[in-house]
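User: I have some questions about how the terms are applied in this entry. Please set each value against its definition.

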Amino acid sequence: MKKTMALLLAIVMMTAMAIPASAEAQTITTSVPGVFGDTIVVETVADENGIYSVTVVENKETPGIGSVAIKQIPGMIIEAQSTEVDALSGATETSNAIKAAVAAALEEAGIDPAGFAACRAWGYSSSSSISS
């Protein structure tokens with residue numbers, strides 16, 4: 001038990017040392033095409049250490065379909081710390097548009113979106129469908 005705790009403590013300490021103290025979150029607003037060509041505007045707050053907020057600030061997606069993805073996908077991205085989350089069944093295009101907007105925001109901020117995909121390797125899994 002002591003060896004396990006020592007190993008866990010060492011891993012936590014190494015991880016903490018790898019995180020730069022100077023990281024400053026940026027707010028990036030991106031626009032992507034929605035289902036019918038209308039624009040979806042997404043505001044992302046992130047830095048190289050994490051994705052802190054994803055908010056759809058403008059959209060004309062279908063109520064009860066695309067609107068469900070607008071409510072659920074941002075939280076899934078934050079929870080997973082990755083844009084590599086499953087699209088919602090029935091709202092695939094809206095889901096993918098939000099994920100693309102966040103990936104574009106990360107790239108615009110100079111952050112590699114693929115770096116956050118490693119979080120899925122730690123057990124995050126999402127399989128969702130539309131429910132109101």
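User: Why does glycine 64 count as partly exposed?

Analyst: Its relative accessibility is 44%. Buried means under 20% relative accessible area, exposed means over 50%, and partly exposed lies in between, with a 1.4 Å probe and protein chains only. Glycine 64 therefore counts as partly exposed at 44%. The model is predicted, with local features needing pLDDT of at least 70 and side-chain atom pairs pLDDT 80 or more, while totals for chains, interfaces and linings use all residues. Residues are numbered from 1 along each chain as its sequence is written, and side-chain values use heavy atoms, without hydrogens and water.

User: Where is glycine 64 found?

Analyst: Glycine 64 is in the loop between strand 3 and helix 2. Helices (H or I, at least four residues) and strands (E, at least two) are DSSP runs, numbered from the N terminus. The C-alpha atoms of glycine 64 and alanine 91 are 9.5 Å apart, though the two residues are 27 positions apart along the chain.

User: What makes the pair of serine 67 and glycine 64 a polar contact?

Analyst: A polar atom of the serine 67 side chain lies 2.7 Å from the backbone nitrogen of glycine 64. A polar contact is a pair of N or O atoms within 3.5 Å; within protein, one must be able to donate a hydrogen and the other to accept it, and residues adjacent in sequence count only if both atoms are side-chain atoms. The pair is within that limit at 2.7 Å.

User: Is serine 67 buried, exposed or partly exposed, and why?

Analyst: Serine 67, in helix 2, has 21% relative accessibility and so counts as partly exposed. Leaving aside neighbours within four places in sequence, serine 67 is in contact (heavy atoms within 4.5 Å) with Glu61 and Thr62.

User: Why do threonine 83 and glutamine 81 count as buried?

Analyst: Threonine 83 has 10% relative accessibility and therefore counts as buried. Glutamine 81 counts as buried because its value is 18%. Both sit in the loop between helix 2 and helix 3. Not counting residues up to four places away in sequence, threonine 83 touches Ile77, Lys99, Val102 and Ala103. Glutamine 81 also has a phi near 55°, a positive value in a residue other than glycine.

User: How do you know what length is expected for helix 2?

Analyst: The expected span is 1.5 Å times one less than the number of residues. Helix 2 (residues 66–80) has 15 residues, and its 21 Å from first C-alpha to last is close to the expected 21 Å.

User: What is the kink in helix 2, and where does it lie?

Analyst: It is a bend of about 30° at glutamine 72, shortly before proline 74. The bend at a residue is the angle between axes fitted to the seven residues ending there and the seven starting there.

User: What makes a group of residues a nonpolar core, and which element gives the most to the largest one?

Analyst: A nonpolar core is a set of buried Ala, Val, Leu, Ile, Met, Phe, Trp, Tyr and Cys residues joined through side-chain atoms within 4.5 Å. The largest has 26 residues, and Ile73 and Ile77 are among those with the most contacts inside it. Helix 2 gives the most to this core, with seven residues. The buried residues of helix 2 include Val68, Ile70, Ile73 and Ile77.
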